[in-house]
Amino acid sequence: MTSFNDCKLNFGRMYTYDMLQEIANHLLSRTQLRPKIGIILGTGLGSLANQLTDADYIDYQTIPHFPVSTVDGHVGRLIFGYLKGVPVMCMQGRFHYYEGYPLAKCSMPVRVMKLVGCSHLIATNAAGGLNPKYKVGDIMLMKDHINIMGFAGNNPLQGANDSRFGPRFPNMVNAYDWKLLKKAKEIGKDIGIDNDLHEGVYICLGGPNFETVAELKMLRIWGVDAVGMSTVHEITTAVHCGMTCFAFSLITNLCVPEYDTEETPCHDDIVGIGKSRESTLTDLVARMVKHIHMELKK
């Protein structure tokens with residue numbers, strides 16, 4: 001009879017090092033590019049991938065041991081290409097806990113990025129703005145996060161630890177690189193979006209339902225600025241792998257912690273806001289990629 005502890009260990013070994021290396025080798029055999037920067041595109045932001053040139057497109061369903069994305073606005077493919085002349089590995093569509101995937105599987109592609117050779121991760125997401133100063137279309141640079149699912153013991157690093165990826169107890173104090181945050185604010189000023197740019201705390205909830213008024217009131221007390229359903233477990237995995245992380249949220253709707261309102265979030269609206277900000281987001285990411293590339297060459 002299998003014990004509870006055995007089940008937990010098996011969960012942690014859902015993807016062994018050898019399986020992930022097999023995925024990485026498969027991807028490397030299908031492209032000549034060897035990028036140092038991985039990018040995860042969130043809901044409504046997938047069109048940014050259309051800016052890549054000389055690209056190799058690899059559908060998730062053709063990759064061994066890879067899950068598929070089931071969410072509208074997530075194309076479901078990996079792209080190796082050049083963004084403004086810099087080679088990148090781009091994930092066009094991510095995996096979410098609410099789709100039925102364990103967090104270890106949701107964040108698995110981050111470890112694949114590491115094995116492919118990526119040292120840096122740029123993660124994007126669509127989020128609800130809880131900070132009353134935010135407006136739809138703003139961009140929030142993530143300076144920190146609250147891993148509320150981790151509070152309940154639901155963590156992508158749960159289970160047996162493979163030290164080839166990282167330590168048993170990774171430090172999350174500087175999960176979001178402060179130098180990259182500083183650079184992003186400089187870029188924001190350069191491209192004229194400094195009035196639309198914020199720095200804040202993100203929280204990932206399990207979803208797929210949006211939050212109740214009582215939940216939003218509680219999160220505001222906690223100091224949360226933006227609410228979403230992704231990214232935290234990806235960043236946690238990236239930090240465990242020793243990757244340098246930068247992330248931002250596109251504020252696609254406003255969280256209204258009041259009962260007497262007709263405003264409600266809508267997934268179609270979220271996708272639409274992402275498309276309307278495509279050029280700005282592409283410019284921001286491209287300039288960040290260029291900066292990271294130049295720093296790596298020093």
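Q: What share of the contacts with a separation of 6 or more in the protein comes from residues 24 or more positions apart?
A: Such residues account for 82% of them, a contact being heavy atoms within 4.5 Å. This is a predicted model, in which local features need pLDDT of at least 70 and side-chain atom pairs count only at pLDDT 80 or more, while totals for chains, interfaces and linings use all residues. Residues are numbered from 1 along each chain as its sequence is written, and side-chain values use heavy atoms, leaving out hydrogens and water.

Q: Where does pLDDT stay under 50?
A: Residues 1–12 stay under 50 on the predictor's per-residue confidence scale from 0 to 100. The model has ten contacts beyond four places in sequence for this stretch. Where pLDDT is low, the predicted coordinates should not be read in detail. The protein as a whole averages 91, and 94% of its residues score at least 70.

Q: Why is helix α4 (residues 108–116) called largely enclosed by the rest of the structure?
A: Eight of its nine residues are buried, which is why the helix is described that way. Buried means under 20% relative accessible area, exposed over 50%, and partly exposed in between, with a 1.4 Å probe and protein chains only. The buried residues of α4 include Met-108, Arg-111 and Leu-115. Helices (H or I, at least four residues) and strands (E, at least two) are DSSP runs numbered from the N terminus; the protein has ten helices and nine strands. Just after α4, Gly-117 takes a positive phi of about 125 degrees.

Q: What makes Gly-93 buried or exposed?
A: Its relative accessible area is 3%, so Gly-93 is buried. Gly-93 sits in the loop between β4 (86–92) and α3 (103–106). Of the 298 residues, 54% are buried.

Q: What volume does the largest cavity have, and what space lies in the largest pocket?
A: The cavity has about 50 Å³ and the pocket about 350 Å³. On a 1 Å grid over the protein atoms alone, a cavity is a set of points where a 1.4 Å probe fits but cannot get out, a pocket is an open set with protein on both sides within 12 Å along at least five of seven lines, and lining residues have an atom within 4 Å of a point. Points are joined across faces, edges and corners, and volume is the space filled by probe spheres set on them. Helix α10 (residues 278–297) gives the largest share of the cavity lining, three residues.
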